[in-house]
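Dear colleague,

Please find below the structure I am handing over to you. I would be grateful if you would read the notes that follow with the coordinates open.

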Amino acid sequence: MKRTEKKKPLPGGSEWSFESIERYHTEIARVAAQYGLDTYPVQIEVITAEQMMDAYASVGMPVNYHHWSFGKQFLATEKGYRRGQMGLAYEIVINSNPCIAYLMEENTLPMQGLVIAHAAYGHNSFFKGNYMFRTWTNADAIIDYLIFARNYIAHCEQRYGEEEVELLLDSCHALMNLGVDRYKRPPKLSLAKEKLRQQEREEYLQTQVNDLWRTLPAHDTHSSAAVERRFPDEPEENLLYFIEKNAPLLEPWQREIVRIVRKIAQYFFPQRQTQVMNEGWATYWHYTLLNTLYDEGLLADSFMLEFLQSHTNVVYQPPYNTRWYNGINPYALGFAMWQDIRRICESPTEEDRRWFPEVAGSDWRETFDFAMKNFKDESFVAQYLSPKVMRDFRMFAVLDDDREDKLKVSAIHDDSGFRRVREVLSEHYNLGSREPNIQVWNVDLRGDRSLTLRLQEYRRRPLGDSTEEVMKHIARLWGFTVRLEAVDEDGDVDLIHETRLEKRRNGER
Amino acid sequence: MRIIDRRFDSKNKSAVNRQRFMRRFKQQIRRAVSDAIQGRSIRDLNNGEKISIPTRDLSEPHFQHGRGGEWEQVFPGNDQFSGGDLINRPMGGGAGGSGGGKASNEGEGEDDFVFQLSREEFLDVFFDDLALPNLVRTQLARITDYKTQRAGFTSDGVPANINIVRSMRGALGRRLAVGSPYNSRLRELHKELEALLKEQGEDSDEVRALREEMGKLRAKIERIPFIDSFDLRYNNRIKVPRPTTQAVMFCVMDVSGSMDEEKKATAKRFFMLLYLFLNRSYEHIEVVFIRHHTVAKEVDEDEFFHSRESGGTVVSSALNLMRDVIHQRYTGGEWNIYGAQASDGDNWDNDSPICREVLSEAILPWCQYFAYIEITPGEPQNLWREYEKLQGAHTNFALQRIEEPADIYPVFRELFKKNLA
């Protein structure tokens with residue numbers, strides 16, 4: 001497009017049409033390309049509010065297997081929408097290739113433009129670039145995999161009964177957060193391979209499990225040495241994986257379902273770890289792209305007013321002492337940090353030069369790309385949270401130690417406190433400490449086949465009330481007694497929970 | 001870029017999940033429906049219900065950190081603190097204390113989980129309690145059939161419905177109305193012409209001019225359309241509910257001291273079921289509530305279920321009152337009369353034979369159906385024994401001893417069978 005040519009402004013008003021969406025998209029895509037955003041192809045789907053609620057209910061995916069918990073989610077969403085509590089469904093975007101962005105029919109034209117910029121270009125480029133997503137998810141195959149999962153589970157329901165499958169899914173869902181590989185890189189998912197391998201796997205797995213049952217005399221020769229040997233040799237962090245591979249009593253189809261839940265948990269794992277970065281990134285880009293279009297004279301003032309109103313709502317951070325304070329708003333923090341990085345690149349202060357010698361004065365697009373690609377929330381905050389942002393948010397850290405009578409303000413937004421505040425905030429986004437660290441420690445191979453888990457205590461934090469319930473679920477999957485031991489920071493081990501279960505299949509003693 | 005319009009894709013993707021949810025929490029939903037029935041009028045069966053379930057019953061457990069240990073968190077909006085300050089622990093785990101709660105992804109707090117049951121779902125649970133057979137269920141839950149009926153005329157419709165007489169009458173009226181100024185002018189001119197003809201004879205300019213003007217007027221009248229689209233009238237047909245008959249339902253209940261709340265709740269279901277049945281078959285239903293201890297009284301629904309009385313029991317007083325009401329208000333064959341009586345069976349000994357007599361002589365002959373339930377876990381009482389004698393002689397009488405709602409349906413079995421056939 002020639003720059004000399006005066007461009008026709010984009011359609012105004014609040015009614016949208018397919019043509020106007022198309023035109024908005026063309027312009028947004030053009031500006032995004034100018035800024036060098038690298039994205040998957042975009043697929044925009046127009047849906048109704050009800051469909052949006054459907055999608056929300058099944059964790060944002062266009063297809064999913066059936067489970068009551070999604071029904072509950074739907075009812076909750078529906079209630080919220082009826083009451084008008086949530087400005088529902090600002091956007092849903094699916095990390096797939098092509099990237100699917102949902103536009104809700106009821107939205108006004110400016111909202112549609114905002115969603116296109118936010119989801120179809122902001123999130124989309126993040127999905128494509130960030131290392132977490134590149135490593136852990138496979139955008140090409142996720143939809144196919146979900147279809148496979150839904151069909152497989154529906155098939156199991158027909159064959160083994162809905163109740164049976166539901167109980168199994170309940171148990172798996174309880175362990176979903178512990179069903180991810182945090183450090184090991186997973187193999188790629190692919191529908192074709194998945195189907196092909198599934199049967200082989202069933203048979204193979206069943207034979208492998210029998211390791212637990214092996215009573216061949218060959219082992220007896222060095223049993224004295226084997227008594228000390230633990231199984232697994234190394235603690236296993238992925239509980240669902242361990243159960244899938246080793247639970248003695250599961251049927252092959254049950255193992256496959258455990259696997260499905262595990263794969264889906266793994267797919268969402270990066271999202272849980274990049275909320276601040278990802279939402280901040282998308283917010284930064286919708287803000288920048290739309291402002292650029294406005295500067296080019298393509299957007300009407302009325303458009304900007306409506307857009308800015310929703311934008312400011314999204315990035316509002318209520319202070320800690322208001323009634324509607326609900327933790328640090330990831331949109332607000334993320335947006336502030338990305339804006340701040342650009343500021344440090346373009347007009348660094350003396351302080352910035354001290355704190356970020358490499359960033360200050362660099363090309364902001366390159367710095368952005370580097371930061372977007374190589375970090376997750378925890379490391380992003382640790383690396384890029386600047387004193388200015390801490391000052392702007394007036395952040396302070398509070399230490400709550402149950403041995404002390406009072407809470408202590410451990411650091412505030414001053415020179416002596418910046419590092420501490422940043423450290424604490426970064427730790428807050430570390431899933432490893434936010435969620436209890438529980439790993440498989442041992443299986444009593446030669447005794448009662450009981451499973452022992454170990455909780456690595458973090459700053460003496462105990463487990464919550466739901467522990468007993470979760471333990472029952474684990475026992476159901478494992479089929480035998482399950483114990484939970486806690487290891488405190490001095491290395492002392494305590495048995496904190498035990499769910500006894502003696503289950504024998506028919507025909508066995 | 002592709003834009004796909006998915007608005008017309010299949011809806012209700014989550015319907016299955018919703019069903020699963022309902023099935024899973026059947027117990028809680030049942031309890032909630034049961035509570036709701038207490039609070040409802042027996043005539044109010046066409047709405048869904050708001051159900052609330054304690055959130056903790058619905059929770060999906062995960063391993064989470066509980067309170068205790070060390071928590072260090074960052075908060076925004078510092079307005080008063082400097083490093084090293086000590087703060088009192090906020091009550092109820094406000095800002096400082098509750099790191100654990102923050103992890104939950106449903107910011108619903110501890111309120112009950114509230115959602116809306118549709119009418120169908122509500123009735124389903126209601127019927128479940130009553131152990132209704134499926135055929136009956138579908139029959140009952142059905143909303144009344146409609147038939148179409150003439151209701152005057154409308155100005156638009158399909159050509160097949162054009163009412164020719166009405167349309168032509170309209171056209172005629174319009175032609176008269178539109179043509180009337182011309183006609184009256186024409187009459188005036190006619191008079192003038194006659195006068196002129198007398199004075200001046202045929203051959204004058206004025207006469208010719210007049211004749212010309214009259215010609216024009218006639219042409220104008222001619223040009224008024226014979227029929228125009230807004231003359232068209234169509235036969236109007238509207239839908240009206242099919243059942244056009246009326247019924248009266250008598251609810252007779254013992255409210256003596258021995259009828260406790262639980263028994264009343266069971267009785268209420270019994271009345272509701274009868275009402276639902278009648279609602280299907282009759283367009284207009286009146287309900288008469290009669291309660292009694294030693295004397296009977298006609299009351300409104302609220303008082304019927306909720307006010308407490310104590311004292312002895314004379315059942316015949318209620319039956320006599322029912323008889324009187326029938327004779328005063330519901331005679332003449334225009335009313336289908338249904339009776340439903342609930343009691344714990346406790347009656348003054350000498351009264352029971354009187355009851356039987358009143359029922360047999362003065363009530364059953366007028367009734368379509370009379371059902372009696374005795375809500376008691378123990379031995380049958382004297383009233384039951386007297387009523388049993390009636391059973392052979394009257395096909396429109398049913399009685400049943402029940403302990404819980406599921407026993408109610410058999411009372412109506414005959415009734416439903418008759419109407420479903």
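The findings below concern a predicted model, and they are set out chain by chain.

Chain A has 509 residues, of which 44% count as buried. Its secondary structure consists of 21 helices and nine strands. Among the contacts in chain A with a separation of 6 or more, 72% are between residues 24 or more positions apart.

Chain A is assigned domain 1 (18–130 + 274–308), domain 2 (142–207 + 232–272), domain 3 (315–432) and domain 4 (436–502). Between the C-alpha centres of domain 2 and domain 4 of chain A there are 21 Å. In chain A, 15 residues of domain 2 are in contact with 13 residues of domain 4. On the domain 2 side of this contact in chain A, helix 7 (162–174) and helix 10 (239–246) each contribute at least two residues. That side comprises 11 nonpolar residues, one polar and three charged.

For chain B, the assignment gives domain 1 (13–56 + 110–130), domain 2 (159–236) and domain 3 (246–420). The C-alpha centres of domain 1 and domain 2 of chain B are 71 Å apart.

Helix 12 (residues 382–393) of chain B has B:L383, B:E386 and B:Y387 buried. These residues lie on the same side of helix 12 of chain B because they cover an arc of only 95° around the axis. In an α-helix there are 3.6 residues a turn, so residues three or four places apart point the same way. Exposed on the other side of helix 12 of chain B are B:R385, B:E388, B:K389, B:Q391 and B:G392. The packing partners of the buried residues of helix 12 of chain B include helix 10 (315–329), helix 11 (351–363) and strand 13 (397–402) of chain B.

Yours sincerely

Technical notes: Residues numbered from 1 in each chain as written. Chains lettered and ligands numbered in written order. Predicted model: local features only at pLDDT ≥ 70, side-chain atom pairs only at ≥ 80, totals over all residues. Domains from an automatic or database assignment. Buried ≥ 20, exposed ≤ 12 C-beta atoms within 10 Å, placed from the backbone. Helix = DSSP H or I, 4+ residues; strand = E, 2+ residues; numbered from the N terminus. Arc of directions from axis to C-beta. Contact = placed C-beta atoms within 7 Å. Nonpolar A, V, L, I, M, F, W, Y, C, P; charged D, E, K, R; others polar.
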